[in-house]
Amino acid sequence: MNKTDFSGYAGYLLWLLALCTLPLPATETYKFRLYLKDKTGNSYSVAEPEKYLSAAAIERRRVQGIAVTESDLPLTAAYLDTLTACGTQIITRSKWLNTVVVGTPDSTLACKLNRLAFVDSVQWVWKGCDTLSLPERPDTSRLCNTDRPLDDVYGYASSQIKLHTGEKLHQAGYRGKGMRVAVIDAGFADADRMDAFDSARIEGTYNFVSPGRTVYAWDDHGTKVLSCLAADLPGVMVGTAPEASYWLLKSEDSRTEFPVEEDYWVAAAEYADSVGVSVITSSLGYFTFDNPRLEYGKNALDGHTSLISRGASIAAGKGLLLFCSAGNEGSEEWEKITFPGDASSVVTVGAVNQNRKRSSFSSKGFTADWRIKPDVVALGSGCCVLGTDGNIQYANGTSFATPVLAGLAVCLWQALPGLSNREMVSLVQEAGHQYTHPDVELGYGIPDLYQAYLLHREPAYRPTL
């Protein structure tokens with residue numbers, strides 16, 4: 001339920017009353033998610049989307065027959081002004097879900113916020129010290145790759161591309177040119193220093209955890225992910241969509257694990273939509289938090305309970321093609337896919353090894369409502385990535401299987417521009433080697449994307465949805 005992640009509304013009231021009487025040390029801050037009732041008094045109109053959406057975002061909706069709706073409107077400014085006047089700091093917001101996250105050192109303020117006429121409910125989503133230091137980068141010198149080039153143009157990344165016959169898509173002239181991709185991740189440390197990205201088309205960056213600060217510091221998980229897509233060092237490493245354009249968006253706070261990161265992720269997806277991105281790839285997943293009371297159970301893996309999964313589904317409804325990692329819990333107690341991988345409209349990617357068998361860590365399906373997940377799989381054991389020094393490393397995780405496949409799907413969509421995002425989801429699923437007999441480990445299997453291109457390149461083709 002929206003009110004809280006506890007076991008019912010009565011529990012929510014007891015928690016809120018207790019919170020209102022609990023003083024906090026001065027060094028700690030709370031962040032609360034406020035669910036707003038409406039967008040009354042909004043100064044924007046669905047008739048004038050150019051005031052809050054880019055031309056590319058509007059065109060994507062037009063081409064796919066998607067109407068601009070009230071969910072596209074920014075939040076009511078007067079509501080935000082009231083929240084600020086109450087002594088809170090606006091942390092992040094979601095126009096799709098009509099939510100806003102505020103920060104305050106005064107825990108008792110939650111009660112006052114809950115009584116505001118335009119607030120439907122309040123949920124605690126973070127507690128910590130906002131003054132935690134994040135060091136600036138001590139070095140900004142160039143990082144030049146020193147790996148020995150191989151005869152294969154894809155270098156050390158050859159196997160992860162050829163598993164899907166992606167090299168043939170590239171040979172046919174489809175390398176992602178003209179496609180805009182958002183990478184939502186934990187950080188892209190030193191990606192701006194690496195020669196492997198010299199030709200990468202980076203259109204912009206945004207840090208949703210610490211607005212105004214660089215995405216090129218602290219966490220290199222996104223750097224590894226980006227290398228699977230955009231690296232372009234022939235003979236060493238070539239990514240799966242080296243000619244696509246990229247937005248690098250940081251939504252993961254690596255210092256803690258709280259539900260507010262779902263809010264950051266949804267804000268990043270909305271941002272990607274607003275600037276006209278076509279594809280989102282995200283190698284983040286959630287199922288456990290620092291405070292167990294805030295966690296979801298496995299029965300919430302239904303695609304519409306968690307905030308992040310609802311946001312992912314809305315993004316798909318706006319015409320975006322989403323790829324999300326299945327998670328690395330396959331051999332752990334949780335075992336299942338993670339949020340937002342349960343969203344029905346996203347392509348959830350699991351991992352296989354060089355023998356085309358499920359990587360032991362790759363999370364399994366089904367969803368709580370018995371849908372096939374993961375959708376498909378890609379190489380995730382011994383995946384070629386770039387390390388913090390700009391040289392080749394091999395890494396394990398669905399985090400890397402996901403961008404490998406997403407990049408090739410970007411190339412496929414470039415080749416078949418008449419398809420909608422939902423038709424692309426169906427096409428990727430149909431390309432799986434076990435499409436007729438999917439299972440909980442590999443979903444529809446390993447997609448042959450070049451074969452999908454050959455079979456469906458006729459303009460009249462439309463997959464069965």
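Tutor: Begin with β9 and its side chains. Ser245, Trp247 and Leu249 point one way, Tyr246, Leu248 and Lys250 the other, and all are buried. Buried means under 20% relative accessible area, with exposed over 50% and partly exposed in between (1.4 Å probe, protein chains only). Strands (E, at least two residues) and helices (H or I, at least four) are DSSP runs, numbered from the N terminus.

Student: How much can I trust here?

Tutor: This is a predicted model: local features need pLDDT of at least 70, side-chain atom pairs count only at pLDDT 80 or more, and totals for chains, interfaces and linings use all residues. Residues are numbered from 1 along each chain as its sequence is written, and side-chain values use heavy atoms, leaving out hydrogens and water.

Student: Which strands pair with β9?

Tutor: Two strands pair if DSSP finds at least two bridges between them. β5 pairs with β9 in the parallel sense over six bridges. Arg180 stands opposite Ser245 in β9. β6 also runs parallel to β9, joined by six bridges. There, Asn207 stands opposite Lys250.

Student: What is the strand order of the open sheet?

Tutor: The order is β6-β9-β5-β10-β11-β12-β13, seven strands with parallel pairing. β6 (201-207) and β13 (376-379) each have a single partner strand, so one side of each lacks a neighbour in the sheet.

Student: What lies across β5, β9 and β10?

Tutor: Helix α7 (residues 221-230) does, running at about 155 degrees to β5. Axes are lines fitted to C-alpha atoms, for helices over the stretch in contact (heavy atoms within 4.5 Å). Angles run from 0 to 180 degrees between N-to-C directions.
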